[in-house]
Amino acid sequence: MDLLFLRLDSIGVLTVNEFGSPLHFQSAHLLPALISDESYIHDAGKPDKIRKQLEFFGNTQETNTNLQAEDIDFILTQNLYNAPLEKPGTQTGSPSVPYHVTEFFAWDKTPLDLSAEIEAVEEEFARLMRGSHSTENAKNPPKYDANGSLGTFQAGSRSVLVSVSKAPKTIQERNLAELAELAGTAGLNVAGSLIQRVTSINPRQILSQNKLAELEVIALQGHAGVIVFDGELSPAQLQNLAELTERKVLDRTQLILDIFAQHAKTGAGKLQVEMAQLKYTQPRLVGKNRAMDRLMGGIGGRGPGETKLETDRRRIKDRIAKIKIELEKLKKQRQANRAKRRRYDLPAAALVGYTNAGKSTLLNKLTKSEVLAENKLFATLDPTTRRLRFPEEHEIVLADTVGFIRDLPKELMEAFRATLEELNEADMLIHVLDASHPEMEQQLESVEKILEELGLSDIPRILLLNKWDNIPKNAQDPLLERFSNAFPVSALSGFGLAEASAFIEKTLFSKNTPLHE
Ligand SMILES: Nc1nc2c(ncn2[C@@H]2O[C@H](COP(=O)(O)OP(=O)(O)OP(=O)(O)O)[C@@H](O)[C@H]2O)c(=O)[nH]1
Ligand SMILES: [Mg+2]
């Protein structure tokens with residue numbers, strides 16, 4: 001840990017006799033880790049050796065490394081030991097741990113030429129870290145990245161996912177599974193994960209020193225340049241992390257914002273996402289600025305970093321003001337479009353639901369169109385409307401909308417309120433639920449909560465249990481009993497759509513339901 005955090009080239013231990021004369025010497029340095037997934041297989045024989053080594057040095061735990069018993073266990077279970085421990089002094093071609101410990105030398109036989117070895121190791125580090133975090137900024141300068149920790153990352157970057165929460169481990173695991181999907185959609189590879197259950201969240205320090213050390217080791221092993229936290233990091237937490245790790249730190253909100261930025265197609269969509277990103281970045285720049293104040297204080301000047309931050313902040317403010325005006329214009333346009341539609345007096349239905357539930361697939365199937373539908377979160381960002389013709393000359397406008405997600409970041413909620421405003425005008429909401437998803441109950445709940453927050457609970461609604469083709473026969477009846485008003489459908493195969501459409505048509509065209517006031 002000290003090699004890692006204090007950036008030491010090497011740590012050496014010298015034992016002395018009762019008169020203070022040197023006896024033995026042993027040293028250790030970090031290695032560029034080459035860990036494959038298989039190397040996590042536990043080998044019961046070796047951990048004892050590390051324990052013995054630690055015991056040999058007696059007080060190593062307290063004075064040298066602050067290692068707690070818990071950390072040692074962690075290191076042992078993560079197989080942080082290597083072949084050289086067995087045959088001291090020999091370095092195997094592909095080490096399974098990121099450090100190397102030399103053999104014990106009698107002091108008078110110690111070969112103390114470390115510099116050549118360190119130089120070689122550093123070269124190797126530089127070579128292996130290419131494509132990891134060290135070159136991230138140089139190749140792809142992020143737009144609003146004033147401190148190296150906010151902003152974009154390169155596609156294909158390796159990441160470690162972290163959950164720190166009061167929730168039980170099973171829930172944290174579930175949330176990390178969704179975070180992994182988000183990370184994959186954003187273009188990150190997942191190299192590892194870390195879960196910590198806490199009794200309360202520290203508003204300044206999201207991870208304890210020990211856990212942060214674990215995280216660094218996992219990231220080092222997995223060559224991960226990006227760390228993604230589930231949930232939202234406060235400016236202070238982010239700032240502290242940025243001081244302690246050189247890796248790019250993202251939280252769930254930033255990840256979602258990034259996906260939105262990648263997927264937005266229309267002018268309005270892009271502006272809305274940019275606005276949300278700016279609003280999220282702004283307070284976090286201020287936070288970092290204070291750290292910079294403190295750092296610069298020592299040499300008594302205002303550093304170039306700070307000046308840059310100030311211009312960055314001013315630019316962000318200007319940009320937000322400009323975007324606001326643009327969005328206002330677009331809103332007027334949309335209102336005009338809606339007014340035009342109303343003149344034709346076509347009833348409107350909107351597809352709503354959790355992201356990836358199958359809304360776009362359903363729109364395509366019902367209206368024989370080809371809007372983008374794919375196995376990605378937030379494939380749809382820009383609302384698309386299509387006409388849907390029923391038998392008997394009945395025609396409606398069907399709108400596809402952006403998918404919902406649990407704990408939708410409030411910046412996004414605000415940004416998309418304008419788009420979702422269209423939902424207010426809908427005469428009917430078609431709630432598409434992925435009935436085959438292991439989290440379907442939670443997804444249903446999230447969607448209903450968001451609909452309520454948007455003030456849409458009163459609009460007539462139909463619930464579709466989509467992806468019915470994925471539901472095993474014996475699970476079908478219990479589902480139909482549980483959701484007695486819902487329609488089982490498959491947007492992919494078309495199963496159940498005739499019944500569902502008939503119900504939609506009846507709701508929209510029955511004389512008793514006033515559609516337009
Ligand atoms: N097996 C099965 N897969 C489906 C069905 N409907 C949709 N899918 C798949 O689910 C994935 C997501 O579908 P989309 O239509 O893009 O979902 P969406 O709700 O529009 O998602 P976002 O726009 O990302 O919020 C795609 O890979 C679809 O092929 C279905 O009835 N059965
Ligand atoms: Mg979609």
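**View 1. Arg387 and its partner across two strands of the predicted model.** Arg387 has Val397 of strand E11 as its bridge partner. This is a predicted model. Strand E11 spans residues 395-400 and is joined to E10 by six bridges. E10 and E11 run antiparallel.

**View 2. The six-stranded sheet.** The strands of this open sheet follow the order E10-E11-E9-E12-E13-E14. Their pairing is mixed. Strand E10 (384-389) lies at one edge and strand E14 (487-488) at the other, and each of these two pairs on one side only. Helix H16, made of residues 440-453, packs on the sheet. H16 touches strand E9 (348-352) and strand E12 (428-434). The direction of H16 makes an angle of about 155 degrees with the direction of E12.

**View 3. Residues 313-340, a span annotated in UniProt.** An unreviewed UniProt entry carries the annotation "coiled-coil region" for residues 313-340. In the model, this span is 100% helix and 0% strand. The C-alpha atoms at the ends of the span lie 41 Å apart.

Key
Residues numbered from 1 in each chain as written. Chains lettered and ligands numbered in written order. Predicted model: local features only at pLDDT ≥ 70, side-chain atom pairs only at ≥ 80, totals over all residues. Pairing = 2+ DSSP bridges. Helix = DSSP H or I, 4+ residues; strand = E, 2+ residues; numbered from the N terminus. Contact = placed C-beta atoms within 7 Å. Axes fitted to C-alpha atoms, helices over the stretch in contact; angles between N-to-C directions. UniProt positions renumbered as here; feature names shortened; annotations may be inferred.
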